[in-house]
Amino acid sequence: MGYSDTYAQARDNPEEFWLQRAQLLDWYQTPERALSVDDNGMERWFADGVLNTCHNAVDRHVDAGRGQQVAVHYDSPVTGCRESITYSDLLSRVAATAGGLARMGVGKGDRVVIYMPMVPEAVIAMLACARLGAIHSVVFGGFAAAELAVRLTDAAPKVLLTATCGIEVSKIVPYLPIVTEALAMTALEGIEVVVLQRPQHSVAIEDSRFSSWADLSQGPPVACSPVAATDPLYVLYTSGTTGKPKGVVRDNGGHAVALAWSMAAVYGMAEGEVFWAASDIGWVVGHSYIVYAPLLAGCTTVLYEGKPVKTPDAGAFWRVVRDYQVKVLFAAPTAFRAIRKEDPHASRFADYDLDCLKALFLAGERLDPPTLEWLQSVTKRPVIDHWWQTETGWAIAGNPLGLELLPIKPGSASRPLPGYEIDILDGEGKPLPRGQEGAVAIRRPLPPACLPTLWGDQKRFQASYLDRFPGYYQTGDGGYIDADGYLFIMGRTDDVINVAGHRLSTGEMEEIIAGHPAVAECAVIGVADGLKGQVPMGFVVLKDTVELDSDELEAELIALVRSRVGPVACFNRALVAQRLPKTRSGKILRSTMRSIVDGRPWNMPATIEDPAALDEIMGLLGRLDRRQGP
Ligand code: COA
Ligand code: AMP
């Protein structure tokens, strides 16, 4: 069945459509109903179903006689290590690690925070939590102590799993000082920490709260615990508009069904084939398409600890595709911009026999047409942009290769995927005609895998996503649908930016900068960047009493944001202004500033209090251009 028929079936008869897809999995109790509504009035999937995600991702394939198939290829150019783990090996390691966690008192519903680099133990830990019905929360390794602390405080885990270090190209990033600082920042007591010693940075453990991974991984093997389909599998924190990240809750059943189906329908993958998502397990793409979806579908996944460039060079991705015979490669556009910058004529692509590679999928930010065209001309394969969010767990719009390859339109994330109905709304929540830009909203009910709530904060969930447009989920993205039904995502309409495929909050950076004693007020906006897509830029107004050299202040603010958010913030510019452009009611005109900075058309807002403030921003940017040189 092609795209249109499948889409119509999911829309017109979601009950039958999703119950059929549920048959892709093993259930202890097969769901009889697909869709129901919970006490908060939120749609829930397969509420009467009972399953275990780890069983479906691991044990099931061993039971089916495919234990000798490789489940995970670990490839780490930064350490020189490679390891191929079969489904049988994975099962024994996951069962023993789950036993180790159980021995520490971790059980159903308990939280386990995982702050780890891209090593097999991290994937094993995620699956071990799933095996027990415990809820994991993975924190990206590029976040600083304060970010880890806020997540620890919110998730209140029994156990924190970590390693002695991450490795950034050739730089060792020691984790334990970050972990120790984060533990000191949270008021929670009694969190036990398990440390994986890495040979690149071994540390003598003296803290009595810390124990060794060697013990954890040698627990008595445990079986899978049956959980309700609506029980949470994980909480993944993502940036919102304030300093407090949102804990996106993912359930077990809907997630497993949607992901298993997406492997075939969206990516055209079958059991035994090799899929590589070149992301990090700290992000949703890593959760869904490094770990869960490929394993649920019985594929082989690649866990790559390295960069697209410099590890060792711009041929890194092509080498991995060749070595593991990857059929579909999924990465962020920024990664290919980095490769293109180093190897504009793609000479390294030609170095490898890549017959195995059938398609490339991109997400995390809009696939800019120059990168699309470059990739198409280099690879001569379908290059597919698809749009999704941490909140949905899988693609909202895309080009479903497994159903049918639709014509590719540069700049578009293609069509809504089966299960999603998308409208473009005006400020009042009324659907706009084709071609007009507005707020991109998803009609409810949301399909399986989408978040049912935010961890411990139903009120924020309601306010962030549901209240503004009744009957819809508000995505926070702006865009339009063209005459052919293709969706064009034009960027966020809130204080969220995407830096090198990493989702960050400018609102949070503003809160941090506003805490500097010299700063009276500030605005942080995302500005276009040729490599990273967007980078944050700060504009600050100093207190009257302060006399500080602006370069000195800029250096202090850069260091402050780096120490609080982490190096991934890429906050490298803070300009001092005499005033910020505001409305008469005192609201900073961030969107107008964004348009000016990006060189997009804009009109002087009717409500502006002091038009000269905008002139000043333009003047600052003019000086900035001179400072940056040609
Ligand atoms: N642990 C510790 N530090 C990290 C880190 C991690 N996991 N990830 C990034 N950092 C650090 C980097 O070392 C760098 O530090 P520096 O300022 O001291 O140099 C800083 O954070 C910024 O990192 P990044 O923005 O990633 O820049 P980069 O130059 O190292 O790499 C890219 C640029 C484009 C190659 C890289 O960002 C990339 O591959 N992005 C794709 C991201 C992705 O897959 N996203 C998921 C969506 S699909
Ligand atoms: P994250 O939750 O980290 O996956 O980030 C989600 C946000 O990234 C979306 O709301 C979009 O703003 C942006 N995004 C992700 N994929 C795309 C895409 N293919 N096109 C445009 N924007 C995208």
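**Cavities and the domain interface**

The largest cavity holds about 70 Å³ of space. This is a predicted model, and it contains five cavities of 30 Å³ or more. The lining of the largest cavity is made up of Val138, Val139, Phe140, Phe143, Arg151, Leu236, Tyr237, Thr238, Gly282, Trp283, Val284 and Thr390.

The chain is assigned two domains: domain 1 covers 3–306 + 386–480, and domain 2 covers 500–622. From domain 1, 16 residues take part in the contact, and from domain 2, 14 residues. The C-alpha centres of the two domains are 33 Å apart.

Between them, domain 1 and domain 2 bury about 1,200 Å², with 47% of this area on carbon and sulfur atoms. On the side of domain 1, the residues that lose the most area to domain 2 are Glu147, Ser239 and Trp283, which together account for 35% of what that side buries. Trp283 also belongs to the lining of the largest cavity described above.

Six residue pairs, both members at pLDDT 80 or more, are in polar contact across the interface of domain 1 and domain 2. On the side of domain 1 that touches domain 2, five residues are nonpolar, nine are polar and two are charged. The count of salt bridges between the two domains is one. A salt bridge joins the side chains of Glu391 and Arg503, at 2.9 Å from N to O.

Definitions and conventions: Residues numbered from 1 in each chain as written. Chains lettered and ligands numbered in written order. Heavy atoms only, no water. Domains from an automatic or database assignment. Contact = heavy atoms within 4.5 Å. Buried area = accessible area lost by both parts, 1.4 Å probe. Salt bridge = Lys/Arg side-chain N within 4 Å of Asp/Glu carboxyl O. Polar contact = N/O pair within 3.5 Å; in protein donor to acceptor, adjacent residues only side chain to side chain. Nonpolar A, V, L, I, M, F, W, Y, C, P; charged D, E, K, R; others polar. 1 Å grid on protein atoms, 1.4 Å probe; cavity = no way out; pocket = protein on both sides within 12 Å on 5 of 7 lines; lining within 4 Å. Points joined across faces, edges and corners; volume = space filled by probe spheres on them.
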